[in-house]
Amino acid sequence: MTQHQRLLIIDFGSQVTQLIARRLRELNIYCEIHPYQNVTDAFLADFAPQAVIFSGGPASVIDEGSPRPPKSVYDLGVPILGICYGQQVMMQDLGGKVERGHGTAEFGRAYVEPKGDEIDILFGWFLDGREQVWMSHGDHVSEIAPGFEVYGTSPNAPFAITADLHRQFYAVQFHPEVHHTPNGKTFYENFVRLAGFTGDWTMASYKDEAIRQIKEQVGDKQVICGLSGGVDSSVTAVLLHEAIGDQLTCVFVDHGLLRLNEAEDVVKMFRDHYNMKLIHADESELFLGELDGVSDPETKRKTIGKLFIDVFQKYAGEIDGAEFLAQGTLYPDVIESVSFSGGPSVTIKSHHNVGGLPEKMGLKLVEPLRELFKDEVRALGHELGLPASFIGRHPFPGPGLAIRCPGEITREKLEILRRADAVYIDQIRKHGLYDEIWQAFVAILPVRTVGVMGDGRTYDYACALRAVTSVDGMTADYYPFSHEFLGETATRIINEVPGINRVTYDITSKPPGTIEWE
């Protein structure tokens, strides 16, 4: 879609490759992540990057068949930055040597000191004579490739920063993209400056390009858009409406797994404020009937995903000329659903809106947010004029309350959960904390506990409060509520929500946990 200056990130399987893209997008640099095996000579010619970054990775360049970029990447005449495994690949490919650890492995915080007079011109980030960085490597470069010089060292990485200034090839052993390299953003800022980027990736320009692309793709055909009421699908719907107007029909599926009063709020906003064609499909009996007795989280997600497809197919058949289905798929959804090696990968959780549509639907996909991270979607929402209060809403998953109800789903548990969640969010808003938190919700636990209320014994459900801080949802930390807040909130929930007699707070980060419970 984009006509901007483009940077290519070749992924060798690092767990933090996405963070490289986040750092660059924050600098208004358009970039894409592509697995190394997909980056062929033809791909490079078509993508035409203005710079290339090699990610880290778990493999060893010494091993036979280890991941490598195509040799032609070095002949593009553009700046290349190799990070950790990417540095080792670059050295090995260009005539240097890499060896096994043998006492030089380095994991965790380290300090790099500058070496050479040109380092300040090169990266300009050594603020106090040295920089804290994050190392995570077993192998090490033992001999740099011809044409390279050393510009930074650490106690266990004598070639921590190397560069061939003539060819504009740069290589570092550490990870500038992670939080533990405090000035990593400055590092990337200087690299893209050296590569000639002007920072032309903005939401205003993206909006115009997306509208133009939608018009070209859709033509005069009808589009059906799945509207969940969340930020992603809402921004998708408003963007499409601006592009094609009455060719768009939104289908809001009420699957019986929404929060308190959510269906009414969504219908009112889109019918009254945006004057869109909107079908309110109350399919709660269908969804809850199919989920009856289901407790496995993957089965829940897959069941809900299949039913969404069935419902869209049903309503699409009632819309004359409908040839496209619009979805709010985001870039992290795409990244998390693709294995860098091209082979089997561990599924953390299924994304119900990634992977295309069954052929029987006969609909083509429109995914105008597929290139965007979550915070970029919010920025696009501002450009489209959505209310700030709506854009700032916490993320809400497609499967809804189903994955906040571990174990079997019942109508009783859903009603308890809705009321508890409403009290919790009301508390967060009253204390002025809503905008500090990325996502907050209540999960009802599949266990009853003994309690005492008044002079009587209770045997009711326990619930868990969850609140996290994050930039894009790929990593997260729990929000440090005060004990006073937690105590006040627990008292309100127990007093105002029949069916709950015990409240806990989840302090798990991501990783090792996920934000949602299922």
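**Exercise 1. Find which residue just after H14 takes a positive phi, then check the length of the helix.**

Solution. Start at the end of the helix: just after H14, Gly432 has a positive phi of about 70°. Keep in mind that this is a predicted model. Now step back into the helix itself. H14 covers residues 411–430, which is 20 residues. The expected span is 1.5 Å times one less than the number of residues, so H14 should span 28 Å. The C-alpha atoms at its ends are 29 Å apart, and that agrees.

**Exercise 2. Work out which residues of H14 are buried and what covers them.**

Solution. Take under 20% relative accessible area as the cut-off for buried. Go along the helix and you pick up Lys413, Leu414, Ile416, Leu417, Arg418, Ala420, Asp421, Val423, Tyr424, Ile425, Gln427 and Ile428. A handy reminder: an α-helix has 3.6 residues a turn, so residues three or four places apart point the same way. Next, look at the cover over these buried residues. It includes two helices, H9 (284–291) and H15 (483–496), along with strands E17 (439–453), E18 (456–469) and E20 (500–505).

**Exercise 3. Describe the second largest pocket and find what H14 gives to its lining.**

Solution. Begin with the volume, about 540 Å³. Of the 20 lining residues, Arg259, Leu260, Asp265, Arg393 and Arg429 are the closest to the centre. Then sort by helix: H8 (262–273), H13 (388–391) and H14 each supply at least two residues, and H14 gives the most, with five. By class, the pocket lining has nine nonpolar, three polar and eight charged residues.

**Exercise 4. Say how many charged residues line the second largest cavity.**

Solution. First, search the whole structure: there are three cavities of 30 Å³ or more. List its lining: Leu227, Ser228, Phe252, Val253, His255, Leu258, Phe308, Phe396, Pro397 and Gly398. Sorting them by class gives seven nonpolar and three polar residues, and no charged ones.

Definitions and conventions:
Residues are numbered from 1 along each chain as its sequence is written. This is a predicted model: local features need pLDDT of at least 70, side-chain atom pairs count only at pLDDT 80 or more; totals for chains, interfaces and linings use all residues. Side-chain values use heavy atoms; hydrogens and water are left out. On a 1 Å grid over the protein atoms alone, a cavity is a set of points where a 1.4 Å probe fits but cannot get out, and a pocket is an open set with protein on both sides within 12 Å along at least five of seven lines; lining residues have an atom within 4 Å of a point. Grid points are joined across faces, edges and corners, and a volume is the space filled by probe spheres set on the points. Ala, Val, Leu, Ile, Met, Phe, Trp, Tyr, Cys and Pro count as nonpolar, Asp, Glu, Lys and Arg as charged, and the others, Gly among them, as polar. Helices (H or I, at least four residues) and strands (E, at least two) are DSSP runs, numbered from the N terminus. Buried means under 20% relative accessible area, exposed over 50%, partly exposed in between (1.4 Å probe, protein chains only). Contact means heavy atoms within 4.5 Å.
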